[in-house]
Amino acid sequence: IYEIARRRGFFFASSEIYGGFSGFYDYGPIGTLIKKNIENLWREFFLSLNDNFYEIETSLIMPEKVFIASGHVKNFVDPIVSCSKCGKEFRADHLIKEILGISVEGKSAKELTNIIRKNNIKCPHCNSELEEVHLVNMMFPVKVGIKKKARGYLRPETAQGSYVNFSRIFEVTRRKLPLGLAIIGKAFRNEISPRQLLLRQREFTQAELQIFFDPEKIDECGEWENIESKKIKVLLSSESEEKKVTCRSLNSKRIPKFYLYWLLKVQEFFLEKLKIPEERFRFRELSKEEKAFYNKIHFDCEIFFESLGEFKEVGGIHYRTDHDLKGHEKYSKKSQKIFYEGRKFIPHVIEVSFGIDRIFLALIDVFYVDDKERG
């Protein structure tokens with residue numbers, strides 16, 4: 001797939017003539033057009049779902065306090081293990097999964113070290129002993145200014161741009177809920193071992209929609225009568241096999257109606273707009289140990305990559321509660337409460353998040369044809 005992508009000008013390694021950095025890719029003429037088409041399809045679909053949804057554009061570099069408030073400085077970490085001889089570094093959880101075939105997401109650094117020792121896992125490059133697992137923050141720090149330097153970070157997600165601007169935009173848009181703020185743009189993560197082409201990069205494009213709503217209405221949906229019998233393809237954390245389940249059945253398992261509406265809309269986007277074959281798409285519910293520290297409910301959107309022989313995450317729907325706005329209220333000393341329908345409260349958030357580059361690669365994988373005549 002990489003060979004055809006490079007030869008046809010879809011995408012290729014960035015700064016290729018200098019050997020490039022791993023985890024960075026450039027898009028050629030055809031690739032850029034395809035990528036823009038995906039972004040525009042996303043815009044047209046999701047921003048049309050409510051007349052109080054808007055696209056905004058925010059800074060790539062943000063002050064350190066933003067990410068202290070959001071929890072990223074403390075919690076946005078990966079487990080790293082280094083070779084005692086050659087010094088090569090690996091994501092400990094990925095290395096264990098590749099060698100033992102088991103998922104160890106959510107395990108502590110000490111637990112991962114014990115698994116490596118117990119199973120005698122060695123360095124894949126030189127077969128030497130591995131050191132103890134330690135945690136490393138994935139954000140890119142930036143010094144802002146010349147003499148008096150302030151510390152900032154390249155944003156690891158687009159979402160915080162919506163949160164720090166919520167209060168102002170709520171006023172500008174005449175104080176209505178739900179309020180949707182969408183951002184399509186670059187995010188940056190200092191991945192230790194970028195791999196599998198566009199699936200795990202250090203610089204990538206996200207399309208994210210933050211939906212701010214009244215938490216007392218989480219189990220309300222104006223279209224419930226139309227959607228309750230519709231089926232969603234899910235792999236629940238408590239089960240071992242995926243199945244098609246009605247919204248009504250999922251609601252009985254305590255997944256709220258407002259959240260289910262967004263699951264259904266995301267499924268519709270993948271199956272009807274992007275034309276992903278149904279058998280190659282599913283939602284996977286993340287367990288308590290796997291899901292991000294800020295999420296109360298977390299389903300990943302996954303597509304089966306034939307070239308890899310497995311499902312891979314390309315997006316997600318996250319119920320982030322009031323985690324982010326509460327954090328920003330605490331550290332900025334600026335109230336994030338609103339007065340709405342006779343009550344004062346901090347809105348909750350459902351986030352619809354997509355990796356545009358991953359979707360791009362998924363489309364190539366899904367629609368790749370090995371044409372012997374045309375090569």
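A word on the model itself: it is predicted, so local features need pLDDT of at least 70 and side-chain atom pairs pLDDT 80 or more, while totals for chains, interfaces and linings use all residues. Residues are numbered from 1 along each chain as its sequence is written, and side-chain values use heavy atoms, without hydrogens or water.

As for the fold, the protein chain carries 13 helices and 19 strands (DSSP runs: H or I over at least four residues for helices, E over at least two for strands). Its radius of gyration, over C-alpha atoms, is 22 Å, close to the 21 Å from the globule rule (2.2 Å times the number of residues to the power 0.38), so the chain is as compact as a globular protein of 375 residues. Buried residues (under 20% relative accessible area, 1.4 Å probe, protein chains only; exposed is over 50%, partly exposed in between) account for 51% of the 375.

Now for the cysteines. With a disulfide taken as two cysteine sulfur atoms within 2.5 Å, the count is zero. Cys86, partly exposed at 37%, has its closest cysteine sulfur in Cys83, 3.6 Å away and too far for a bond. Cys221 is buried at 18%, and the closest cysteine sulfur, in Cys247, is 8.4 Å off, again too far.
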